Amino acid sequence: MAQRKLTINLTRSPEVLHDLIVFLLQRGLISEKEAHTIEQEKTDKAPVKKSRWELAAERFDSEGFLDGQGEEVKRLIRDFREGFTL
């Protein structure tokens, strides 16, 4: 059987990728191991959404307001947010 490489540009929806993987599995075009690898790669590449606090700290650091202490400010903000209660 000749093999061909196929590239498909999908929407960013994880449901579309999952449906495509199920279709390929049903047709015997990929193995369970390959399906798991594809889904794992997709979740590994998922961008992590940054909080407004983190974005603000990065901006202050990039504009020179923090004198290279951006990582320390992010840590302090994270500690504050996690410990804050009303």
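**Reading helix contacts and salt bridges**

Modeller: Gladly! Ile 77 touches Trp 53 and Ala 57, leaving aside residues up to four places away in sequence; contact means heavy atoms within 4.5 Å. This is a predicted model, in which local features need pLDDT of at least 70 and side-chain atom pairs count only at pLDDT 80 or more, while totals for chains, interfaces and linings use all residues. Residues are numbered from 1 along each chain as its sequence is written, and side-chain values use heavy atoms, with hydrogens and water left out.

Biologist: Where is Ile 77 found?

Modeller: Ile 77 is found in helix 4. Helices (H or I, at least four residues) and strands (E, at least two) are DSSP runs, numbered from the N terminus.

Biologist: How should I read a pair of packed helices?

Modeller: Two packed helices are described by the angle between their axes and the distance between the axes. Axes are lines fitted to C-alpha atoms, for helices over the stretch in contact, and angles run from 0 to 180 degrees between N-to-C directions. Here, the axes of helix 3 (residues 52-62) and helix 4 (residues 70-83) come within 9 Å and cross at roughly 155 degrees. The two helices are therefore roughly antiparallel to each other (angles under 35 degrees count as roughly parallel, over 145 as roughly antiparallel, 65 to 115 as roughly perpendicular and the rest as oblique).

Biologist: Which residues in helix 3 and helix 4 meet?

Modeller: From helix 3, Trp 53, Glu 54, Ala 57, Glu 58 and Asp 61 meet Gly 70, Val 73, Lys 74, Ile 77 and Arg 81 of helix 4. The residues of this contact divide into 4 nonpolar, 1 polar and 5 charged. For those classes, Ala, Val, Leu, Ile, Met, Phe, Trp, Tyr, Cys and Pro count as nonpolar, Asp, Glu, Lys and Arg as charged, and the others, Gly among them, as polar.

Biologist: And how do I read a salt bridge?

Modeller: Side chains of opposite charge can pair when their charged atoms come close. A salt bridge is a side-chain nitrogen of Lys or Arg within 4 Å of a carboxyl oxygen of Asp or Glu. The structure holds 3 salt bridges. One of them joins the side chains of Glu 63 and Arg 59 (2.9 Å, N to O). Glu 63 is partly exposed, at 44% relative accessible area, and Arg 59 is exposed, at 57%; buried means under 20%, exposed over 50%, and partly exposed in between (1.4 Å probe, protein chains only).

Biologist: What share of the 86 residues is buried?

Modeller: Buried residues make up 10% of the 86 residues in the protein chain.
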